[in-house]
Amino acid sequence: MRCLWYLIWTVAFTPVCLAQTDVPSGTLVKLHMETMLVPSPAEVDVLLPPGYDELTEPVPLFLWLHGGMSGKNFLEHIMRHHIERAWANGDLLPCVFAAPVTGASFYIDWHDGSQQWDTFITGQLLTYMRREYRVSQNRDGTIIGGSSAGGQGTLRIAFRHPEMFAVAT
């Protein structure tokens, strides 16, 4: 992936209140997945790149883990503008972003078994995204990243499942 650091930098250091510039919009999809692994239905926001329907080749899948309890609408209201601008500038190649809304889960499988976020993300969510979207079917095109608590979740999941992700950022 080229310039993934650009995305991280813009989110961390660019004020969200910047004036909107004319950039092509991606398509935001709000998924509600039935599952027995986490409180159901699990919410997942998916951002497809502009022109997704015309793409003939699979694109990378980027799983984004939000920080703290900021998951609801995080992709839509915080990240989306930065991602779309990076796509428009050519700083980020087309990819599909999937951001599960997890609350204060810390992206772990809870000891009491009531919530299994690691298992959901690396199992049911990853399988669903690969089946339903035109994304890479293997490790080489699968990225996981996050900010703050999502960064901690990213490292935990990537170290537990190195065979699943080409990049952890």
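Colleague: At which residue does α3 bend?
Modeller: This is a predicted model. In it, α3 runs from residue 117 to 132. The helix bends by about 30°. The bend sits at Leu 125.

Colleague: Which residues touch the most other members of the largest nonpolar core?
Modeller: That core holds 29 residues. Elements giving two or more residues to this core include β1, β2 and α4. The members with the most contacts inside the core are Val 46, Leu 63, Val 96, Phe 120 and Met 129.

Colleague: Which element gives the largest share of this core?
Modeller: Several strands and two helices, α3 and α4, each give two or more residues. The largest share is 6 residues. That share comes from α3.

Colleague: How many residues are in the second, separate core?
Modeller: Met 79 and Ile 143 belong to this second core. Phe 97 and Ala 99 are also included. The second core has 14 residues.

Colleague: Which are the edge strands of the sheet?
Modeller: The sheet is open, with 6 strands in the order β1-β2-β4-β3-β5-β6. Its pairing is mixed. An edge strand pairs on one side only, and the two that do so are β1 and β6.

Colleague: What angle does α4 make with β5?
Modeller: Helix α4 packs on the sheet. There α4 touches β3, β5 and β6. The direction of α4 makes an angle with that of β5 of about 145°.

Colleague: Why does Thr 27 count as partly exposed?
Modeller: Thr 27 lies in strand β1. Buried means under 20% relative accessible area, and exposed means over 50%. Thr 27 falls in between, so it counts as partly exposed, because its relative accessibility is 43%.

Colleague: Which residues beyond four places in sequence does Thr 27 contact?
Modeller: Val 46 is one of them. Val 46 also touches Leu 75, Val 96 and Met 129, among others.

Technical notes. Residues are numbered from 1 along each chain as its sequence is written. This is a predicted model: local features need pLDDT of at least 70, side-chain atom pairs count only at pLDDT 80 or more; totals for chains, interfaces and linings use all residues. Side-chain values use heavy atoms; hydrogens and water are left out. A nonpolar core is a set of buried Ala, Val, Leu, Ile, Met, Phe, Trp, Tyr and Cys residues joined through side-chain atoms within 4.5 Å. Buried means under 20% relative accessible area, exposed over 50%, partly exposed in between (1.4 Å probe, protein chains only). Helices (H or I, at least four residues) and strands (E, at least two) are DSSP runs, numbered from the N terminus. Contact means heavy atoms within 4.5 Å. The bend at a residue is the angle between axes fitted to the seven residues ending there and the seven starting there. Two strands pair if DSSP finds at least two bridges between them. Axes are lines fitted to C-alpha atoms, for helices over the stretch in contact, and angles run from 0 to 180 degrees between N-to-C directions.
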